[in-house]
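Trainee: Please show me the structure, and then I will ask about it piece by piece.

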Amino acid sequence: VMRHAIQPLQNQGRWGFKDPRNCITLQAWCEELGRPTVIVGVRNPVEVARSLYTRNSIPYVDGIRTWYEYYSTVLKTVAQRNLRAIFVDYEINLADPVAQFQRLAHCLEIQLEADSEACNIVQDFVDPALRRNRFETPSVESLKEIFQEEAIHNELEAIVELYRHLQTFSQFELTSQEPETG
């Protein structure tokens with residue numbers, strides 16, 4: 001199925017697709033694509049949990065656990081497969097979408113003029129007003145207030161630590177040759 005889905009794209013030059021589930025299916029995609037460059041959109045775990053609850057009625061606890069599973073799995077796959085990964089923080093992207101677009105172009109070795117039509121399209125496309133869930137950078141304490149269930153409290157430190165690492169990764173291009181955090 002994967003081969004069939006990507007075959008028409010193989011001769012199109014650079015291409016990509018966006019689906020958060022790719023975090024957990026990346027291993028399988030690598031079987032078809034070899035060593036793709038992975039662009040990972042980084043979102044606040046509480047905002048993701050709220051979004052999943054609003055859109056799909058997924059309980060907050062399950063939403064934040066899903067967030068953790070997706071991001072920890074993509075990091076593991078990037079390391080195991082020695083993949084090139086570029087992390088884009090949602091907050092930074094909303095604040096300055098053109099700068100993030102230019103950063104991506106630079107990381108992907110795409111020549112781009114600062115005043116290009118593509119930059120103008122990005123500026124017009126990204127609308128911070130459409131953001132429906134907002135939560136400051138979480139701390140373990142703030143998450144304990146949101147997630148009253150005792151069962152998840154022992155997981156919160158790992159969630160906060162992973163999010164902080166992802167925010168750091170969003171400031172540069174990450175390859176498996178970068179120093180490991182931990």
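The questions below go from the whole chain to single residues of this predicted model.

Trainee: How many helices and strands does the protein have?

Mentor: Read along the sequence, the elements follow the pattern α-α-β-α-α-β-α-α-α-α-α-α-β. Counting by type gives 10 helices and three strands.

Trainee: What is the radius of gyration of the protein, and what does the globule rule give for 182 residues?

Mentor: The C-alpha trace spans about 50 × 35 × 35 Å along its principal axes. The protein is as compact as a globular protein of that length, because the globule rule gives 16 Å for 182 residues and the radius of gyration is close to that, at 17 Å.

Trainee: How far apart are the mean positions of the positive and negative charges?

Mentor: The protein exposes about 11,400 Å², and carbon and sulfur atoms supply 50% of that area. The charges number 18 positive and 26 negative, and their mean positions lie apart by 5 Å.

Trainee: Which residues of strand β1 form its covered face?

Mentor: In a regular strand the side chains alternate between the two faces of the sheet. In β1, residues 38–42, the uncovered face holds Ile39 and Gly41. The covered face is made of Val38, Val40 and Val42.

Trainee: What is the bridge partner of Gly41 in β2?

Mentor: Strand β2 covers residues 84–89 and runs parallel to β1, with five bridges joining the two. Gly41 belongs to the uncovered face of β1. Its bridge partner in β2 is Val88.

Trainee: Which residue with a positive phi follows α6?

Mentor: Helix α6 spans residues 97–107, and its buried residues are Pro97, Val98, Gln100, Arg103, Leu104, Ala105 and Cys107. After the helix comes a residue with phi near 60°, and that residue is Glu109.

Trainee: Why does Gln167 count as buried?

Mentor: Gln167 sits in helix α10, residues 156–169. Buried means under 20% relative accessible area. Gln167 therefore counts as buried, with a relative accessibility of 19%.

Trainee: Leaving aside neighbours within four places in sequence, which residues is Gln167 in contact with?

Mentor: The place of Gln167 is in α10. With neighbours within four places in sequence left aside, the contacts of Gln167 are Asp89 and Thr137.

Conventions. Residues numbered from 1 in each chain as written. Predicted model: local features only at pLDDT ≥ 70, side-chain atom pairs only at ≥ 80, totals over all residues. Heavy atoms only, no water. Helix = DSSP H or I, 4+ residues; strand = E, 2+ residues; numbered from the N terminus. Rg over C-alpha atoms; globule rule 2.2 N^0.38 Å. Areas by Shrake-Rupley, 256 points an atom, 1.4 Å probe, with all protein chains shown as cover. Lys, Arg positive; Asp, Glu negative; His and termini not counted. Charge placed at Lys NZ, Arg CZ, Asp CG, Glu CD. Buried < 20%, exposed > 50% of the residue type's maximum accessible area, 1.4 Å probe, protein only. Pairing = 2+ DSSP bridges. Contact = heavy atoms within 4.5 Å.
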